[in-house]
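Here is a short note for someone opening this entry for the first time. Please read it with the model in view.

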Amino acid sequence: VRSYGRIDDQLETEGSFYGCQHERQFLGADFALVTRHLRFQSSGASLAEGFSTTRTGCPEDVVKMTETETFSSKQGNQTCLLLSAALRFSIPYTSRQNKTENQLVNVPVSPDVKVSGHCNSTVLQDLTLYFYNSWKLRFVFVSTSSTGGSPGSSILGYTLDNVTLTYEENPLIFYNSYTTTTGPVRTVSSKSFETPLKATANGHYHCDSTMEITFTDGVKLEVKDLRFQAFRRSESGDFSGDVSTCDALSQKQRHYTVYVIVALGVVAIIAIIVVVGVMAMKKRKRNSYQHME
């Protein structure tokens, strides 16, 4: 049985190959062909072995951020860690054109991501996301207590201390990579945050804007609508307690900006007074000279 589907798009240009990493559907009269990681090249002339270095992509490969997803870790019937966000990485790699490019990679949503966590400690807790077979994204939270974390001490608050990504350069994800085999496993960690991401005890952190976390080796993580809560014991899977926001955490920076503006304003006023005074003195001197004549 033969059936045909018409493809209206020009999939490739002369001297390039067509590559579409993400899912795409081609419709025929009585069938649908769904592809993923599609790559082909044709030419009127004979082709060299292997694909060319020039690629024609598809609109589906424009990596848009996923919707916000909530990840949790439980201890028994109680939820001890909660994290909610949309997460997208920008990872540098060497392309087929022997240039350094950045591949956008989304952290997938359930059920394509597995979650584990450690909640036994009152000093350090972590939440780890597993996806793409070998990728791991680990969030580490550290508490501050009244007596330095000794037994019986009460937790005053906690911070998101660091984030670590373990990944490998898989050609199914880095589809324009110079290598056709899976690369070595790499681990990168976040650098210090410009503003501490912290919350009070029994409360949670929330930043409804988009922030960028910088990692080693040039890797960056774009985080949208971040919300987390650690060191908790609740059967509820909802965020609870006081909310610490990114706006509140940047209050000192805003105060500093206000101080600078006020100081510059004072300097400007003083400068105007000095200029006006000098001009007035010169005018009085000229009037005095004219009176003596």
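The points below go from the whole chain to single residues.

1. Basis. This is a predicted model, in which local features need pLDDT of at least 70 and side-chain atom pairs count only at pLDDT 80 or more, while totals for chains, interfaces and linings use all residues. Residues are numbered from 1 along each chain as its sequence is written, and side-chain values use heavy atoms, with hydrogens and water left out.

2. Overall make-up. The chain has two helices and 17 strands. Both are DSSP runs numbered from the N terminus: helices are H or I with at least four residues, strands are E with at least two. Of the 293 residues, 35% count as buried. Buried means under 20% relative accessible area, exposed means over 50%, and partly exposed lies in between (1.4 Å probe, protein chains only).

3. Surface and contacts. The accessible surface comes to about 18000 Å². Carbon and sulfur atoms hold 53% of that surface. Areas come from the Shrake-Rupley method with a 1.4 Å probe; for residues, only the protein chains shown count as cover. Among contacts between residues at least 6 apart in sequence, 56% join residues at least 24 apart. A contact means heavy atoms within 4.5 Å.

4. Three strands form an open sheet with mixed pairing, in the order 4-1-5. Strand 4 (38-40) and strand 5 (55-56) stand at the edges with a single partner strand each, so one side of each has no neighbour in the sheet. Strand 1 (residues 17-20) pairs with strand 5 in the parallel sense over two bridges. Two strands pair if DSSP finds at least two bridges between them. Phenylalanine 17 stands opposite arginine 55 in strand 5.

5. Strand 10 (residues 124-131) and strand 11 (residues 135-145) run antiparallel, joined by eight bridges. They form a hairpin with three residues between them. Tyrosine 132 sits in the turn, with a positive phi of about 50°. Phenylalanine 131 stands opposite tryptophan 135 in strand 11. Strand 11 also runs antiparallel to strand 12, with 10 bridges between them. There, leucine 137 has leucine 165 in strand 12 as its bridge partner.

6. Aromatic rings. Rings of Phe, Tyr and Trp (its six-membered ring) pair if their centres lie within 6.5 Å; planes under 30 degrees apart count as stacked, over 60 as edge-to-face and the rest as tilted. The count comes to 13 aromatic pairs. Tyrosine 158 is buried at 2% relative accessibility. Phenylalanine 231 is buried at 11%. Separately, Tyr93, Phe131, Tyr132, Trp135, Tyr167 and Phe174 form one aromatic cluster.

7. Backbone details. Which peptide bond from a serine to a proline is cis? The bond from serine 110 to proline 111 is, with omega near 5°. Proline 111 is in the loop between strand 8 (100-106) and strand 9 (114-118). Asparagine 98 has a positive phi, near 60°. Asparagine 98 lies in the loop between strand 7 (78-94) and strand 8, and is exposed at 65% relative accessibility. Aspartate 225 also has a positive phi, about 55°. Aspartate 225 is in strand 16, and is partly exposed at 25%.
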